Amino acid sequence: MINLQESFETKLAGGSKLLVPYVTGGYPNPGWVELVEGCVGVGCDAVEIGLPFSDPVMDGPTIQESSKLALEGGVTAPQVLAKLAKKTFEVPLIAMTYYNIVFRMGHQRFASELAAAGFAGAIIPDLPMEESVDFAADASDSGISNILLGAPTANDDRLAAICEASDGFVYAVGLVGTTGERSELASSSLDIAKRLKSLTDKPVLVGVGVSNPEQAVEIATVADGVIIGSALIRRVLDTGSPSAGVEFIASVREALDAM
Amino acid sequence: MSTTVNQFMGAPDKAGRFGSFGGRFVPETLMPACLELEAAFTDAWQDESFRSEFSHLLSEYAGRPSGLTVCENISEVLGCTLVLKREDLNHTGSHKINNVLGQTLLAKRMGKTRIVAETGAGQHGVATATAAAYFGQECVVYMGEVDIKRQKLNVFRMELLGAEVRPAMSGSRTLKDAVNEAMREWVSSVESTYYCLGSVMGPHPYPYMVREFHRVIGAEAYRQCHEKLGGDPDVVVACVGGGSNAVGIFSGFADTEAELVGVEPIGGAAVGHGVPGVVHGSKSYLCQDEHGQVLEAESVSAGLDYPGVGPEHAHLAEIGRARYESVTDTEVLAAFELLAQTEGIIPALEPAHGLAWIYKAREELAGKTVLLNLSGRGDKDVAQVQAIKAGDAEALETMKS
C-alpha cells in the first residue's frame with residue numbers, strides 16, 4: 001500500500017510539482033472511472049475521489065451539481081469504493097467526503113474499505129482538528145492518512161497545530177469561500193501557502209479556487225502542488241464527457257512541468 | 001435568569017457536547033469564527049451590562065413577559081387543564097425574537113454590521129430582519145424556494161423591513177437547504193458577517209447560546225405557573241423542529257417533576273427516527289438513509305420541515321428526561337382549527353403540532369395540567385390552510401405526510 005507522504009516527497013525530490021485532480025465518485029456515470037484513469041494517464045500525482053453527500057456545505061455550485069447528479073443516479077459510497085477496488089492505480093487515491101458518510105459507516109469500516117480500494121488518505125472538510133482525533137487514530141490503523149485543512153482565517157498558532165496533526169500533507173484552503181472557479185487567483189492562496197510552508201516540512205497543496213494552468217503555476221511557485229476540482233468537473237458537466245476534463249488536467253500538468 | 005439549578009439543562013462541556021451530542025463539525029474556515037463567537041458569548045453572558053441591555057430589549061421592545069393563559073373552553077374538550085405560554089403575543093409573533101435580539105446585540109458588541117440568517121416558516125427571518133432594522137445592520141435571509149411560495153406574507157414582511165431574501169434552490173428547497181446556503185455564505189464572508197442561526201442547532205456555541213437566549217420562556221412560565229396554578233404543571237409540551245422553543249420552555253421545568261414532551265412532525269421526526277448523525281455543525285439525531293445521506297423532511301409546517309434536531313434534544317431523549325412524539329399533518333390541521341374555534345386563538349402550524357399530540361393523548365393526560373408553549377401565532381399560515389381546505393393542488397403538494 002502506498003504511503004501518501006512518502007509518495008509525494010519522492011515526486012518533490014525529483015523536482016516535480018504535485019497535481020491532484022478531484023473527481024466526483026459516480027459522476028459522470030458511466031465514465032467517472034475512465035476520468036480517474038485518464039487523469040492518472042496524463043501524469044497526476046494522486047486523485048481525490050469525492051464520495052457524494054446530500055448536504056455539501058463546503059462546496060460551490062459545480063461540485064454540488066456533480067454530487068447531486070451522482071446521488072440521483074443512485075450511487076453510494078460502498079459502490080464507488082467497490083468499483084475502484086477492482087482497479088489498480090499507480091498513484092494514491094484520496095477520499096473527500098463529509099463526516100456523516102464516515103460516521104454512518106463507522107470509522108474503522110470506512111478506513112478499512114478505503115484501504116482495500118487503494119486509498120492512502122481522506123479529507124473530511126467538516127471534521128476540523130478538534131473533532132478529528134478519534135477518526136485520525138482509526139484511519140491510521142488502516143494506513144489511511146487523515147489530511148487536515150489550513151484556512152486563511154486561522155492564526156499561526158492554529159495553523160501550526162493543524163500542520164502537526166495533519167497526516168500525509170497539509171491542504172491549504174486557497175480562499176475564504178466554497179469550492180469553485182475564480183477568474184483571478186485570490187491573493188490569499190499565496191499567503192496561506194507561504195504561512196503553511198514556513199510552519200511545516202510536510203507537503204503543502206493548495207485547493208479551492210485553483211481554476212487554470214496559469215493560476216496553478218503561480219501557486220506552485222510557493223506551494224508544493226495544487227488540487228483542482230471545480231475547473232475539471234465543470235468541463236465534464238459542460239460536455240458530458242470525461243475527455244474534456246482529462247485534456248484540461250493534461251494542460252495543467254504541462255504548465256507545471258514547464259516551470 | 002433561571003429559577004432552577006440546571007441539573008438537566010446546564011452548560012455543555014468544553015467541546016460543546018450535551019452528553020454525546022453536539023460538537024463543532026464545520027469547515028476549518030469557520031472554526032476560528034466559532035471559537036471567537038464562543039469567547040464573545042461567554043464574555044457577554046457574564047457581563048451584567050449585556051444582560052441588562054438584553055432584558056431591557058425583551059421587555060421594552062419584544063413586549064415580555066408574554067402571558068400565560070389557562071384555556072377553560074378547550075380544557076372541557078380535552079379533559080385536562082390546558083395552559084398556554086403565549087409566545088404568539090411577542091413582537092413579530094413568535095418566540096424567535098428572544099434569540100434574535102440576543103444574537104444581534106452580540107453581533108453589535110462584536111462589531112459585525114452584516115447579519116446572515118436562514119429561515120423555514122419565515123418567523124426567524126422576520127425576527128432577524130426586525131432586529132437588524134432596529135440595530136441598523138445589513139440583513140440577508142436565505143429561504144427555501146418552496147417555503148417562499150408557502151410563506152409569501154413573511155417574505156414581504158422581511159423585504160419591508162429592509163432585508164434581502166435569497167431563495168435556496170438546492171435539494172428539497174426548504175429549511176435544510178436554506179441552512180446549507182446560509183452556511184456557504186458564512187464560509188464566504190466570515191470575516192465581516194455574523195451568522196444569526198435560528199434554532200438550537202449548528203456548531204457550538206449556537207445550541208447553548210440560543211437556548212440561553214430562550215431560557216426566559218421557561219423562567220417566566222415557571223414563575224407564572226406557580227403564581228396562577230400554585231405549582232408545576234404535570235406535563236410540558238412543545239413542538240420540535242430544530243427545537244428552540246422547546247428547550248426554552250423545558251429549561252424552566254427540567255429540574256422539576258414535570259414530564260417534558262417534544263412533538264415532531266411525522267415527516268421530519270429526527271428523534272423519533274432515532275439514528276445519530278452529523279449535519280450542519282453538530283452531532284444529533286438525524287433523518288438519513290442507510291448510507292448517511294440526509295433525507296428530506298416533509299411537513300405542512302415550514303418551520304418544522306427539517307430532518308435534524310438540536311443536539312440537546314438528542315441528549316434529553318437519550319437520558320430519558322424528555323420524550324418525543326410525532327403527529328401527522330391531518331392531526332395538526334384539526335388541532336389548528338380546534339384552538340381557533342374553542343379559544344379564539346389561531347396558532348401557528350408549528351405549535352399546533354403540540355396541541356395535536358395533546359388531543360391524541362387526551363386519555364393519558366386526563367385530569368392533568370398540561371402546559372403548551374404556543375410558540376407563534378397563525379397569521380402566516382391562514383392562506384396556506386385556506387388553500388388546503390379548498391383542495392388547492394399546489395397547497396396539498398406541501399402536505400404529503
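# Reading a two-chain model

Me: Which residue stands opposite A:L205 in β9(A)?

Reply: Start with the idea. Strands of a sheet pair through backbone hydrogen bonds, either parallel or antiparallel. Strands here are DSSP runs of E with at least two residues, helices are runs of H or I with at least four, and both are numbered from the N terminus. Two strands count as paired if DSSP finds at least two bridges between them. Now the case: A:L205 stands opposite A:G225 in β9(A). Strand β8 (residues 204–207) of chain A runs parallel to β9(A), with two bridges joining them.

Me: What should I know about the model and its labels?

Reply: This is a predicted model: local features need pLDDT of at least 70, side-chain atom pairs count only at pLDDT 80 or more, and totals for chains, interfaces and linings use all residues. Residues are numbered from 1 along each chain as its sequence is written, while chains are lettered from A and ligands numbered from 1 in the order in which they are written.

Me: What pLDDT does chain B average?

Reply: pLDDT is the predictor's confidence in each residue, from 0 to 100. Chain B averages 94, and 97% of its residues score at least 70. For the complex, the predictor gives an ipTM of 0.97 and a pTM of 0.96.

Me: Back to the sheet. In what order do the strands of chain A run?

Reply: Nine strands form an open sheet, with parallel pairing. The order is β5-β4-β3-β2-β1-β9-β8-β7-β6 (chain A). β5 (145–147) and β6 of chain A stand at the edges. Each has a single partner strand, so one side of each is left without a neighbour in the sheet.

Me: Is A:T221 buried or exposed?

Reply: Count C-beta atoms, placed from the backbone. A residue is buried if 20 or more others lie within 10 Å of its own, exposed if 12 or fewer, and partly exposed in between. A:T221 is exposed, because it has 10 other C-beta atoms within 10 Å. Find A:T221 in the loop between α10 (213–220) and β9 (225–228) of chain A. Its C-alpha atom is 9.7 Å from that of A:A193, 28 residues apart along the chain.

Me: How many residues of chain A are in contact with chain B?

Reply: Two residues are in contact if their C-beta atoms, placed from the backbone, lie within 7 Å. By that test, 31 residues of chain A are in contact with 29 residues of chain B. α3 (61–72), α5 (99–105) and β6 (149–150) of chain A each supply at least two residues of that side of chain A. α5(A) gives the most, with six residues. To sort residues by type, count Ala, Val, Leu, Ile, Met, Phe, Trp, Tyr, Cys and Pro as nonpolar, Asp, Glu, Lys and Arg as charged, and the others, Gly among them, as polar. The side of chain A that touches chain B then divides into 17 nonpolar, eight polar and six charged residues.

Me: Which domains does chain B have?

Reply: Domain bounds come from an automatic or database domain assignment. For chain B, it gives domain 1 (18–59 + 97–206) and domain 2 (63–94 + 215–397). Their centres, taken over C-alpha atoms, are 22 Å apart. In contact are 37 residues of domain 1 of chain B and 41 residues of domain 2 of chain B. β2(B) gives the most to the domain 1 side, with five residues. That side holds 16 nonpolar, 17 polar and four charged residues.

Me: Where is B:N90 found?

Reply: B:N90 is found in the loop between β4 (81–86) and α4 of chain B. B:N90 counts as buried because 24 C-beta neighbours lie inside 10 Å. Leaving out residues up to four places away in sequence, B:N90 touches B:A62, B:G63, B:R64, B:S66, B:H95 and B:I97.

Me: Which bond joins B:R64 and B:P65?

Reply: Read omega. A cis peptide bond joins B:R64 and B:P65, with omega about 0°. B:P65 is in the loop between α2 and β3 (68–71) of chain B. Chain A has a case too: the peptide bond from A:N29 to A:P30 is cis, with omega near 0°.

Me: What is phi of B:H280?

Reply: Phi of B:H280 is near 55°, a positive value in a residue other than glycine. B:H280 lies in the loop between β11 (276–279) and β12 (281–285) of chain B. B:H280 is buried, with 28 other C-beta atoms within 10 Å.
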